[in-house]
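Reader: I'd like to go through the helix packing in this one. Can you put the structure up?
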Amino acid sequence: MTLTKRPAEQSLDMPSKKASPSTSSAPKVQTSLLGWAKPKVTAVSVSATTEQGSTPTTVVNAAGAGASSSSPSPSSFLPLAKARPDILKGLSDEMRDLLRLEQDTMDATWLRALQMEFSKPYFIALKKFLKQEEASRQQVFPPKGDIYSWSRFTPLPSVRVVILGQDPYHDDNQAHGLCFSVKKPVRPPPSLKNMFKLLETDIPGFKTPDHGYLESWARQGVLMVNASMTVRAHAANSHKGKGWEKLLDAVIKTVSDQRKNVVFLLWGKDAQNKAVMIDRKKHLVLMSVHPSPLSCHRGYFDCQHYSKANKYLADNGLAPINWNSLIDDTS
């Protein structure tokens, strides 16, 4: 086994390498995540072959960010990823144009798992709707390159916890593809503040960060995805019912079928309705009211979901999530 880096994906909006942290005290405004929202790879198998030939395939360490790449143990690696599928092959020019974003910006493991969804009528109708929004010059959040950042931060083989959101934040410079998360230097919204409040009592030593950017959770295997993956600027729920919810169903079903010992955190009625798609013999489902200020007082602060998730992971031989990793985030 030879240790090497996974080839960087090309960015639509910015260079593929993350800029070095600035020494300036001025807050840094994040733009598109496409260039660097990809899994941290710790090893690659040079002996494995793919269905397209002898191209090496990557192996992602299950421990997530911060895992050492020296003297890796075979048991610490996830299954080899297959070659990236070409979902545009044989399609008409119109269809290629509609599905280019998925081909170019979705993580390969998710692209393969979900590729059958992209030819279904509901998804084609969704993409045509988004084209109409663009043609009418409507501003849509998150930016195009960030819509599927959840897939790049948390590839399918790394998923250990799932948190479901509802609608992306609809104000400027907030939504970036991870539910509940906001770009720096935007202050954490009320629901995220309540999540931090629970963490302070549920996880010993947790310190509330001065930001609401949840990348370090995602890189550890916390899949954070919204039921509606886009929204019109300053118009909450404007893309609700357009088709994203069906894609989320496919995401949940994929995790339930292809992964084992995943913790699903279902907050609020909409998220709890998804429980019927989860195999509870293989996974842990934890349900509570939503952390929104409108409902959190009805039991959210007593649910202990973060510590329960970590206990379940540990009981099944998996590394717990370092929920306190946000305090050290310098991105």
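**Helix packing**

Author: This is a predicted model. In it, H3 and H7 are oblique to each other, because their axes cross at roughly 130°.

Reader: Which residues make the contact of H3 with H7?

Author: From H3, Tyr122, Phe123, Leu126 and Leu130 take part, and from H7, Trp244, Lys246 and Leu247. By class that gives six nonpolar residues, one charged and no polar.

Reader: How close do the axes of H3 and H7 come, and where do the helices sit in the chain?

Author: The axes come within 9 Å. H3 covers residues 121-135 and H7 covers residues 244-258.

Reader: What is the handedness of the crossing of H3 and H7?

Author: The crossing is left-handed.

Reader: Switching to H1. At what angle do H1 and H3 pack?

Author: H1, residues 93-105, packs with H3 at about 85°, and the axes are 10 Å apart. That angle makes H1 roughly perpendicular to H3.

Reader: Which residues of H1 and H3 meet there?

Author: On the H1 side they are Glu94, Met95, Asp97, Leu98, Leu99, Leu101 and Glu102. On the H3 side they are Phe123, Ile124, Lys127, Lys128 and Lys131. The class count is six nonpolar, six charged and no polar.

Reader: Now the whole chain. How many helices and strands?

Author: Nine helices and eight strands.

Reader: And what share of the residues is buried?

Author: Buried residues are 53% of the 331 in the chain. The accessible surface comes to about 15600 Å², with 52% of that belonging to carbon and sulfur atoms.

Methods. Residues are numbered from 1 along each chain as its sequence is written. This is a predicted model: local features need pLDDT of at least 70, side-chain atom pairs count only at pLDDT 80 or more; totals for chains, interfaces and linings use all residues. Side-chain values use heavy atoms; hydrogens and water are left out. Axes are lines fitted to C-alpha atoms, for helices over the stretch in contact, and angles run from 0 to 180 degrees between N-to-C directions. Helices (H or I, at least four residues) and strands (E, at least two) are DSSP runs, numbered from the N terminus. Angles under 35 degrees count as roughly parallel, over 145 as roughly antiparallel, 65 to 115 as roughly perpendicular and the rest as oblique. A crossing is left-handed if the near helix is turned anticlockwise from the far one by less than a right angle, and right-handed if clockwise. Contact means heavy atoms within 4.5 Å. Ala, Val, Leu, Ile, Met, Phe, Trp, Tyr, Cys and Pro count as nonpolar, Asp, Glu, Lys and Arg as charged, and the others, Gly among them, as polar. Buried means under 20% relative accessible area, exposed over 50%, partly exposed in between (1.4 Å probe, protein chains only). Accessible areas come from the Shrake-Rupley method with a 1.4 Å probe; for residues, only the protein chains shown count as cover.
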